[in-house]
Amino acid sequence: MKLILLGAPGAGKGTHGAAIRDQYHLPIISTGDLIRKAIQSGTDLGEKVKSYVSAGQLVPDEIVINILKERLQQPDCQDGYILDGFPRTIAQARALEEMGIVIDRVIDLEVDDQSIVERLSGRLVCSACGASYHTKYSPPKEPNLCDNCKKPLSRRQDDEPATILERLRVYHEQTEPLKDYYEAQGKLRRVIGQEQVQDTTRLVLAAVASE
Ligand code: ADP
Ligand code: ZN
């Protein structure tokens, strides 16, 4: 099965993607993670994309498409995958089709802008295991330490207030049109974010299993 997780930054693609992964044993392919890894390892590619990410802009299509193509060639992608954060533009969606990839379902996580800003501005992440926390809604057991690996947590550079607003603007302008695109193909399943994470997870898993 091949799935796409669509939704604004901070809509919970990572959290609910993990629930789908655990149930279906599919790898999560996050272009954001792949891009951050390239930046951290200081490769030429990382240098090239750094300025886009820190400004809250999308990395140019051609570059992300190549990063994704390379990742999908790994053996763990043979039986399907969950795409988290790709496609983010119509051109990227077309690129998937040109690669001959047939997507089964697109899960659209709907969260209003105000909640997004609140979530992202309190978000803390573990750079070791990728776990994410919120200072108010899901704080770590010990302040600023990851529950899993006890490493110090940090704020993502692009979770600064001005950058959050820019990412949201870019989402509405460039990514949201993908809803209509996949709706027209009958693949879109809308999930409204609930107050309790586990309630949303339940809806997401039902949407994945739906006809
Ligand atoms: P979020 O969904 O919280 O914004 P991601 O980790 O998915 O975070 O992405 C972080 C950044 O990486 C984006 O703001 C963008 O700069 C870049 N990026 C990730 N995926 C893509 C993509 N498919 N196309 C262009 N840029 C991307
Ligand atoms: Zn951790």
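The questions and answers below concern this model, which is predicted.

Colleague: Which geometry does the site of the zinc ion (ligand 2) have?

Modeller: The zinc ion (ligand 2) is held by the SG atoms of C126, C129, C146 and C149, at 2.2 to 2.3 Å. The angles among these four donor atoms run from 101 to 121°. Four donors count as tetrahedral if all angles lie between 85 and 135 degrees, so the geometry of this site is tetrahedral.

Colleague: Is C146 buried or exposed?

Modeller: Buried means under 20% relative accessible area. C129, at 37% relative accessibility, counts as partly exposed. C146 has a relative accessible area of 1%, and therefore C146 is buried.

Colleague: Which are the edge strands of the five-stranded open sheet?

Modeller: The strands of this sheet are arranged in the order β2-β3-β1-β4-β7, with parallel pairing. An edge strand here pairs on one side only. The edge strands are β2 (28–30) and β7 (188–192).

Colleague: Which residue in β7 stands opposite I107?

Modeller: Strand β4 (residues 105–110) pairs with β7 in the parallel sense, over five bridges. The residue in β7 that stands opposite I107 is R189.

Colleague: At about what angle to β7 does helix α9 (residues 197–209) run?

Modeller: Helix α9 lies across β1 (2–7), β4 and β7. Relative to β7, helix α9 runs at about 170°.

Colleague: Which element supplies the largest share of the largest nonpolar core?

Modeller: The largest nonpolar core has 28 residues, of which I29, L72, L83, L96 and Y182 touch the most other members. Several elements each supply at least two residues, including β1, α2 (31–40), α4 (61–72) and α8 (177–184). The largest share, six residues, comes from α4.

Colleague: How many residues are in the other core, which lies apart from the largest one?

Modeller: In soluble globular proteins, nonpolar side chains tend to be buried together. Another core lies apart from the largest one, and among its members are I82, V111, I116 and V204. The number of residues in this other core is 20.

Methods:
Residues numbered from 1 in each chain as written. Chains lettered and ligands numbered in written order. Predicted model: local features only at pLDDT ≥ 70, side-chain atom pairs only at ≥ 80, totals over all residues. Heavy atoms only, no water. Donors = N, O, S within 2.8 Å, 3.2 Å for Na, K, Ca; no water. Tetrahedral: all angles 85-135°; square planar, octahedral: opposite > 155°, others 65-115°. Buried < 20%, exposed > 50% of the residue type's maximum accessible area, 1.4 Å probe, protein only. Pairing = 2+ DSSP bridges. Helix = DSSP H or I, 4+ residues; strand = E, 2+ residues; numbered from the N terminus. Contact = heavy atoms within 4.5 Å. Axes fitted to C-alpha atoms, helices over the stretch in contact; angles between N-to-C directions. Core = buried A, V, L, I, M, F, W, Y, C linked by side-chain atoms within 4.5 Å.
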